[in-house]
Amino acid sequence: MKHSSPAVIPDHQPSTSEKVLAFLDERLGLKEMQAKMLNEPIPGGSRWAYVFGSILLFIFAMQAVTGTMLMFYYVPTADHAYDSTQYIIHDVDYGWFLLSYHFWGSSAMVVCVFAHMSQVFLWGAYKKPRELLWLVGLALFGIVITFGFTGYLLPWDQRAFWATLVGVEILDKTPIVGDFIARFLKGGASPGQMTLSRFFVLHVMILPAALMALAGLHIFLFRVAAPAGPFKGTKEEIQAKTDYFFPRQIWKDIVGMAFVFVGLCALALWEPVVLLDKATPDPGEYHPEPEWYFLFYFQLLRLKLFAGQFGQFMGAVALPVLFMGLMVALPFFDKDPERNIFKRPIALIVWIVIMVVIALFTVAAVINREFLD
């Protein structure tokens with residue numbers, strides 16, 4: 001009886017994309033890197049409270065994308081900055097939306113980084129062994145604030161011009177280096193072309209590079225120190241609830257990013273950017289004030305306590321330097337391992353007082369604005 005030979009199954013031939021991935025994996029260790037990133041243990045399980053870091057990276061990426069698209073049309077000169085911004089708003093297809101999204105994205109970064117720093121403070125996640133993580137976070141917070149400050153001038157309208165001038169005058173009160181900093185930022189005795197050029201370079205070159213470098217360092221330190229986990233529960237309870245970064249935390253991060261994206265799109269549609277008159281050395285009927293997240297501090301400096309040269313120095317220089325100094329020193333003098341915020345009454349009271357002061361003085365600044373108008 002004649003037997004038929006068994007069918008020969010041809011070997012699987014890898015596709016071009018599989019060959020490319022195999023080539024890169026052999027040289028870069030992509031699979032190992034992916035495993036480390038996705039299989040990172042999260043003490044206490046995934047939480048919505050952990051989404052701020054991913055949201056901040058997403059906002060920055062979108063700011064980079066929208067900012068790059070705006071740069072194709074923006075002209076950073078005192079003669080053309082205002083007109084080119086108006087051109088973006090009125091003549092470029094969806095230019096008004098890009099500019100408005102970029103504008104609101106700047107505010108979202110400030111809100112998100114402030115919320116993230118508050119969470120780290122309240123959860124005691126700045127304590128050993130995460131001191132360096134806290135210090136880099138403070139530096140990132142300063143860069144985000146500076147991003148908003150430098151970008152605010154670029155449209156070159158009255159609001160941008162005078163808000164920047166107010167900020168530079170505050171810096172001018174810094175002893176010894178204040179005059180140099182103010183003159184460097186202004187590029188001379190008064191704001192003009194050199195001011196706009198220097199703010200533009202800071203905004204689109206120096207600050208993005210610094211932020212990417214520090215963000216990379218922040219992520220590296222976070223991986224080394226590992227997530228702090230919730231401030232409640234015993235070690236055994238937290239370990240029993242440990243999740244991996246994928247899939248639950250990634251899902252929460254994606255939802256958080258989508259929520260922020262939709263929110264920023266809604267703000268850009270609901271309240272698009274509208275420029276005031278072109279910047280001039282004469283404010284006219286416009287009452288100079290900084291961006292909204294500086295309003296509380298602007299109103300604070302109006303107190304009689306900070307009147308006169310010494311008072312201005314105390315309010316504009318000594319107070320913020322003292323506050324930042326305390327923030328830098330915090331993880332080094334607070335060595336108590338207790339992280340539960342309800343067992344740290346001083347920390348909780350300090351945070352509540354700061355929030356109340358910011359809220360009250362911001363409201364007072366808005367009321368004062370309405371009164372002046």
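Trainee: By class, how many nonpolar, polar and charged residues does the lining of the second largest pocket have?

Mentor: The lining has 29 nonpolar, 11 polar and eight charged residues. Ala, Val, Leu, Ile, Met, Phe, Trp, Tyr, Cys and Pro count as nonpolar, Asp, Glu, Lys and Arg as charged, and the others, Gly among them, as polar. This is a predicted model, in which local features need pLDDT of at least 70 and side-chain atom pairs count only at pLDDT 80 or more, while totals for chains, interfaces and linings use all residues. Residues are numbered from 1 along each chain as its sequence is written, and side-chain values use heavy atoms, with hydrogens and water left out.

Trainee: What is the mean pLDDT of the protein chain, and which element has the lowest mean?

Mentor: The chain has a mean pLDDT (the predictor's confidence in each residue, from 0 to 100) of 87, and 94% of its residues reach 70 or more. Helices here are DSSP runs of H or I with at least four residues, numbered from the N terminus.

Trainee: What makes a space a pocket, and which residues lie nearest the centre of the second largest pocket?

Mentor: On a 1 Å grid over the protein atoms alone, a pocket is an open set of points with protein on both sides within 12 Å along at least five of seven lines, and lining residues have an atom within 4 Å of a point. The second largest pocket holds about 1,300 Å³ of space, a volume being the space filled by probe spheres set on the points. Its lining comprises 48 residues, of which Phe103, Gly151, Tyr152, Pro155 and Glu291 lie nearest the centre.

Trainee: Why is tryptophan 156 called buried?

Mentor: Buried means under 20% relative accessible area, exposed over 50%, and partly exposed in between, with a 1.4 Å probe and protein chains only. Tryptophan 156 has 5%, and therefore counts as buried. This residue is in the loop between helix 6 and helix 7, and has a positive phi of about 60° although it is not a glycine.

Trainee: Is tyrosine 94 buried or exposed, and why?

Mentor: Its relative accessibility is 62%, so tyrosine 94 counts as exposed. Tyrosine 94 lies in the loop between helix 4 and helix 5, and also has a positive phi of about 60°.

Trainee: How do you know that glycine 187 is partly exposed?

Mentor: Glycine 187 has 30% relative accessibility, and therefore counts as partly exposed. Glycine 187 is in the loop between helix 8 (178-186) and helix 9.

Trainee: What does glycine 187 touch beyond four places in sequence?

Mentor: Glycine 187 touches Met194, Thr195 and Arg198, where contact means heavy atoms within 4.5 Å.

Trainee: What makes a set of residues a nonpolar core, and which members of the largest one touch the most others?

Mentor: A nonpolar core is a set of buried Ala, Val, Leu, Ile, Met, Phe, Trp, Tyr and Cys residues joined through side-chain atoms within 4.5 Å. The largest core has 28 residues, of which Ile59 and Leu211 touch the most other members. A second, separate core of 27 residues includes Tyr74, Trp162, Leu196 and Leu275.

Trainee: Which peptide bond is cis, and where is proline 129?

Mentor: The bond from lysine 128 to proline 129 is cis, with omega near 10°, and proline 129 is in the loop between helix 5 and helix 6.

How values were computed:
1 Å grid on protein atoms, 1.4 Å probe; cavity = no way out; pocket = protein on both sides within 12 Å on 5 of 7 lines; lining within 4 Å. Helix = DSSP H or I, 4+ residues; strand = E, 2+ residues; numbered from the N terminus.
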